[in-house]
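Trainee: I would like to learn how to read local features from a model. Please take me through them one by one.

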Amino acid sequence: MTEILKITDKISYIKATGNPLSADVGMIEGDEYLWIFDVGANESVSISLKGITKPKKAVVSHFHPDHMANLEHVMLEEVFLGANTFKYAKRGTVVADDIFIDDGVKIHIFPLPSSHAKGSVGLETGDYAFLGDATYATMKQGRVCYNASVLKEEITVLKNLSAKFFLISHDEKFIRPKEEIIAELEEIYSKRDPKESFIWI
Ligand SMILES: [Zn+2]
């Protein structure tokens with residue numbers, strides 16, 4: 001049985017695994033629904049989720065299989081995702097703008113510019129914001145890089161969140177102070193060459 005780790009009395013998560021590659025799966029206990037952030041790819045995760053009888057809604061951060069493969073295995077009332085992820089999932093509600101939902105807990109779903117995956121989506125609830133892989137870089141021509149203008153937009157969106165902690169998928173620490181993440185991204189942005197679209201790191 002997969003361990004469900006508590007963050008607060010309403011927020012918990014299942015840790016990411018490397019084999020099979022499966023993202024961290026966030027869970028927020030609303031009055032009506034269990035809100036899931038990323039459904040992962042590990043079969044033990046889908047078994048755990050199936051064991052929870054409460055109706056479920058999910059937010060999928062981006063289209064990579066380790067974040068969304070279990071969509072096929074978990075019964076969901078609704079799925080929120082970015083337009084690019086919709087192309088792969090072929091279902092769900094596209095998040096084109098901020099969405100605010102009150103389900104006893106406040107849920108804020110928002111588009112999140114990301115070099116890692118086009119059309120990423122984040123979820124903020126209280127002091128915590130689930131960001132998936134959105135703060136990570138991407139690979140171009142075998143090299144690790146950020147898209148400079150996308151990174152600038154991403155930093156702006158992240159600064160505007162009121163959450164104090166960012167939840168970063170696959171990160172050994174997972175729960176990181178907002179200021180620490182923003183400082184890291186600003187450090188990368190400061191290394192840009194104004195003549196180049198990409199920041200090679
Ligand atoms: Zn990813």
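Trainee: Which residues of H4 are buried?

Mentor: Ala148, Leu151, Glu154, Ile155 and Leu158 are buried in H4. Buried means under 20% relative accessible area, exposed over 50%, and partly exposed in between (1.4 Å probe, protein chains only). Helices (H or I, at least four residues) and strands (E, at least two) are DSSP runs, numbered from the N terminus. This is a predicted model: local features need pLDDT of at least 70, side-chain atom pairs count only at pLDDT 80 or more, and totals for chains, interfaces and linings use all residues. Residues are numbered from 1 along each chain as its sequence is written, and side-chain values use heavy atoms, with hydrogens and water left out.

Trainee: How are the buried residues placed around the axis of H4?

Mentor: General idea: an α-helix has 3.6 residues a turn, so residues three or four places apart point the same way. Here, the buried residues of H4 fall within an arc of 115° seen down its axis, so they line one face of the helix. The arc is taken over the directions from the helix axis to the C-beta atoms.

Trainee: What span does H4 reach?

Mentor: The expected span is 1.5 Å times one less than the number of residues. H4 covers residues 148-160, 13 residues, and reaches 19 Å from its first C-alpha to its last, close to the expected 18 Å.

Trainee: Next, the metal. Which residues coordinate the zinc ion?

Mentor: Donors are N, O and S atoms within 2.8 Å of the metal (3.2 Å for Na, K and Ca); water is not among the atoms, so sites may look incomplete. The zinc ion has His62 (NE2), His64 (ND1), His116 (NE2) and Asp133 (OD), at 2.2 to 2.3 Å. Their spacing in sequence is H-x1-H-x51-H-x16-D. His62 sits in the loop between strand S7 (56-59) and helix H2 (65-68), and Asp133 in the loop between S13 and strand S14 (138-140), so to speak distant parts of the chain, 71 residues apart. Both His62 and Asp133 are buried.

Trainee: What geometry does the zinc site have?

Mentor: Ideal angles at a metal are 109.5 degrees for four tetrahedral donors. In this site the angles among the four donor atoms run from 86 to 174°, and the site is irregular. The cut-offs: four donors are tetrahedral if all angles lie between 85 and 135 degrees; four are square planar and six octahedral if opposite donors are over 155 degrees apart and all others between 65 and 115; anything else is irregular.

Trainee: Now rings. How many aromatic pairs are there?

Mentor: Rings of Phe, Tyr and Trp (its six-membered ring) pair if their centres lie within 6.5 Å; planes under 30 degrees apart are stacked, over 60 edge-to-face, the rest tilted. A search of the whole structure finds eight pairs. In one of them, Phe130 and Phe174 have ring centres 6.5 Å apart and planes at 55°, so the pair is tilted. Phe130 and Phe174 are both buried. Ring pairs also link Tyr13, Phe37, Phe130 and Phe174 into a cluster.

Trainee: Which backbone angles deserve a look?

Mentor: Most residues other than glycine have a negative phi, and most peptide bonds are trans. Asp38 has a positive phi of about 70°, and is buried at 0% relative accessibility. Lys90 has a positive phi near 55°, but is exposed at 66%. The peptide bond from Asn19 to Pro20 is cis, with omega near 5°.
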